Amino acid sequence: MTRAVLSANIRFGLINVAVKLHKANKDGDVHFKNVHAVCHSPINQKKWCNKCNKEVLATELNKGFVLAKDKIIEFSDTELEAIATAESKHVIIEKAIDIAEIPLTAFDSFYFLQPDKYAEHAYSLMAKVLAVKNQVLIGRIIMRSKEHLAAIQSFNGGLLLSTLHWHDELYSVTPLLEALETIPDEELILASMLLDRMHAPFNHELFKDTYRNKVLEVVEKKAKGELITITEIKTESPKQTDMMAELRRSLEIPGGVLPGQTAVKA
């Protein structure tokens, strides 16, 4: 069971739903620590004050907003918490929308919402009506001294809160597509046939982090003192290809998947 990272109150019209936020995913990456390659000692990251010429403790730190090159406006954690006020404990719902209206690139972090004591009925009602209407609630929430746009949707019988990037934080893909060409109908037909051959239900458990597993295997070998051989990987520049010929050749591959790739069966 995960630990709740925040307690909040969702205001839905005159209905209040007390919830606890739990992270919906976790970091599975392999993490490394910087090591001095000469003496092989771990490197410590120190917080250093150049003016006092000494290391600074975490309790001596404030937050600084750079107003100009030589002017920093300083805030203590207490001041930032005061700015957030009591509204940090509330998710103010502003509207309900269709989830398809939210750009995929806007989604940031995901949190499961757990109903707090005495909020089970209102929670179930909200989860049910959002599932029936296939809509999401849009509101605002303050987390870690920052206001986030948030979307609340029905998910597996419960509620899922997604923090969203603000509009001015999103890039546009349009400038990257200036060199696109018109696709002939014949190529589109063959590409559609290839997709049909590769189509299968998504089974998340079948996909493994192969890089992480390889790193852990090498870690185990290094721990045993085994010699590791590094193979240089050479990349080739892309070449102009006959797309129709490549599509026809792809359709000849069983399932449309090359050897060494993961073939997912229904």
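Helices α3 and α5 are roughly parallel to each other, because their angle falls in the class under 35 degrees. The model is predicted: local features need pLDDT of at least 70, side-chain atom pairs count only at pLDDT 80 or more, and totals for chains, interfaces and linings use all residues. Residues are numbered from 1 along each chain as its sequence is written, and side-chain values use heavy atoms, without hydrogens or water.

**Helix pair α3 and α5**

- Helix α3 (residues 185-198) packs against helix α5 (residues 243-252) at an angle of about 20°, with the axes 10 Å apart; helices here are DSSP runs of H or I with at least four residues, and axes are lines fitted to C-alpha atoms over the stretch in contact, with angles running from 0 to 180 degrees between N-to-C directions.
- The contact (heavy atoms within 4.5 Å) includes Leu190, Leu194 and Arg197 of α3 and Met244, Leu247 and Leu251 of α5.
- By class, the contact of α3 with α5 has 8 nonpolar, 1 polar and 5 charged residues.

- Strand β8 (residues 107-115) runs antiparallel to β11 and is joined to it by 5 bridges; pairing requires at least two DSSP bridges.
- Phenylalanine 112 stands opposite leucine 160 in β11.
- Strand β10 (residues 146-155) pairs with β11 in the antiparallel sense over 7 bridges, and serine 154 stands opposite leucine 159 in β11.
- β10 and β11 form a hairpin with 2 residues between them, and asparagine 156 in the turn has a positive phi of about 50°.

Technical notes: Parallel < 35°, antiparallel > 145°, perpendicular 65-115°, else oblique. Nonpolar A, V, L, I, M, F, W, Y, C, P; charged D, E, K, R; others polar.
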